[in-house]
Amino acid sequence: MGDLDALLLARIQFAFTVSFHIVFPAITIGLASYLAVLEACWLRTDQAVYRDLYHFWSRIFAVNFGMGVVSGLVMAYQFGTNWSHFSDFAGSVTGPLLTYEVLTAFFLEAGFLGVMLFGWSRVGPALHFVSTLMVAVGTLISATWILASNSWMHTPAGYAIVDGRVVPTDWLAVIFNPSFPYRLAHMGVAAFLSTALMVGASAAWHLLRGRDQPAVRKMLSMAMWMLLIVAPLQAVIGDLHGLNTLRHQPAKIAAIEGHWENKPGEGVPLTLFGWPDMAREQTRWAVEVPRLGSLILTHSWDGQFPGLKEYPRADRPNATVVFWSFRIMVGLGFLMIALGLWALWARWRGRLYEARALLRFALWMGPAGLVALLAGWFTTEVGRQPWVVYGLLRTADAVSPHGAAQLGLSLALFVAVYLVVFGAGLVYLLHLIAQGPQPHEGEHPLPGGPGQPRTPARPLSAASAENPQES
């Protein structure tokens, strides 16, 4: 029983740290691309509104980037401390992939980040824009390597087992494993959606308080256009990802659908709501649409796919968690599509910036992208259980030999420190957002001699709340 408790605590600890961490890279990816678009628009049109928005969101980006780096370091250490058997078994694959991420993405971001944050008045417009663009590209490359590693754990390929350890035999197959393209697209679009909702909520908050400024209007307009385009695209990508999962992880799909067994000659219904009971092996109080599950997942009116009863109890994921985390993600996705369509209708009527009901909806939807992102990660990671490397290494065999007391103490410390440190960071981010975009006078002056602004002395001076030009 003690070993089981230790395993559960190790899983909770990793889930806690990764849930905190994933929020920051998602916003970093979205904001970096948003900043590149803003600077490109300013350079092309010379409209001050884009410049002001760039300086406003670059301050928020700087704080978010710093918190993402810190939370990522903590998470990475757990592979060696809490999951040493996993590192021993699969480190020859996951280790190089994470190293490639450092050698390509992290070095690229680090090389240009300083110019992007502090070089506005020190370098020319072209070099500064290239720096912003390189940071944006770096965040996408970083996501590529991380998701290649994670996807390989779901759909391992290009390997051999030698002396009880994974040995890569084909690196292209390792990187471009069967689920990688779908997982990368799904995560990338989720990052853009999360950022668009955050930007839109910020604009809505200011408009509801009477701060009707050109920069605030531009924020809302760009966010709603992004939402209108990307939210339906995410639904299509999610459907393709689901079909790929059915092919490679059918037990996960059965858990998502709350599907226990097939009836001869009948299609599988789509269970809208219910409570999958792992002990009774049934979904209680199910609200179903006949045959719709077959139509969505097999594109056939009477197609069938494996139910959970076709797998031994020890090989079934927790259907209760996966069933509801998936529905939270999908439900929020439909609300995002609804918000985009409502904004389009309000724009057509010329009331995008005055419709208070729409603005309140946009404000409340601000965190929806991040909540859906976390729900999606719970779906995919809990749905992979009981495997840490699907079909090759069980989670119970991957954990380090720590006692429950040690893991319980470290988990309590993590929770306390995270709530203090990242809670303070969140309060500061909200404080920055509440200030709103301010006019930022002047263009890109070229480097000169005396009289140029001094070199920044504080790492977070890029996020100075008192004066956007302070460095």
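**Aromatic rings and accessibility**

Student: Why does Phe273 count as partly exposed?

Tutor: In this predicted model, Phe273 has a relative accessibility of 46%. Buried means under 20% and exposed over 50%, so 46% makes Phe273 partly exposed.

Student: What makes Trp324 partly exposed?

Tutor: The relative accessible area of Trp324 is 28%. That value lies between the cut-offs of 20% and 50%, so Trp324 is partly exposed.

Student: How many aromatic pairs are there, by the rule used here?

Tutor: The count is 19 aromatic pairs. Phe273 and Trp324 form an aromatic pair, with 6.2 Å centre to centre and 25 degrees between the planes. Rings pair if their centres lie within 6.5 Å, and planes under 30 degrees apart count as stacked, so this pair is stacked. Phe273 is in strand β3 and Trp324 in helix α10, 51 residues apart, and the pair links distant parts of the chain.

Student: Why is the pair of Trp342 and Phe361 called tilted?

Tutor: The ring centres of Trp342 and Phe361 are 5.7 Å apart and their planes are at 35 degrees. Stacked needs under 30 degrees and edge-to-face over 60, so the pair is tilted. Trp342 lies in helix α10 and Phe361 in helix α11, so the pair ties together parts 19 residues apart in sequence.

Student: How do you know that Arg349 lies over the face of Trp345?

Tutor: Arg349 is at 4.7 Å from the ring centre of Trp345. The distance cut-off is 6 Å, with a further limit of 35 degrees from the ring normal. Arg394 likewise lies over the face of Trp387, at 4.4 Å from the ring centre.

Key. Residues are numbered from 1 along each chain as its sequence is written. This is a predicted model: local features need pLDDT of at least 70, side-chain atom pairs count only at pLDDT 80 or more; totals for chains, interfaces and linings use all residues. Side-chain values use heavy atoms; hydrogens and water are left out. Rings of Phe, Tyr and Trp (its six-membered ring) pair if their centres lie within 6.5 Å; planes under 30 degrees apart count as stacked, over 60 as edge-to-face and the rest as tilted. Helices (H or I, at least four residues) and strands (E, at least two) are DSSP runs, numbered from the N terminus. Buried means under 20% relative accessible area, exposed over 50%, partly exposed in between (1.4 Å probe, protein chains only).
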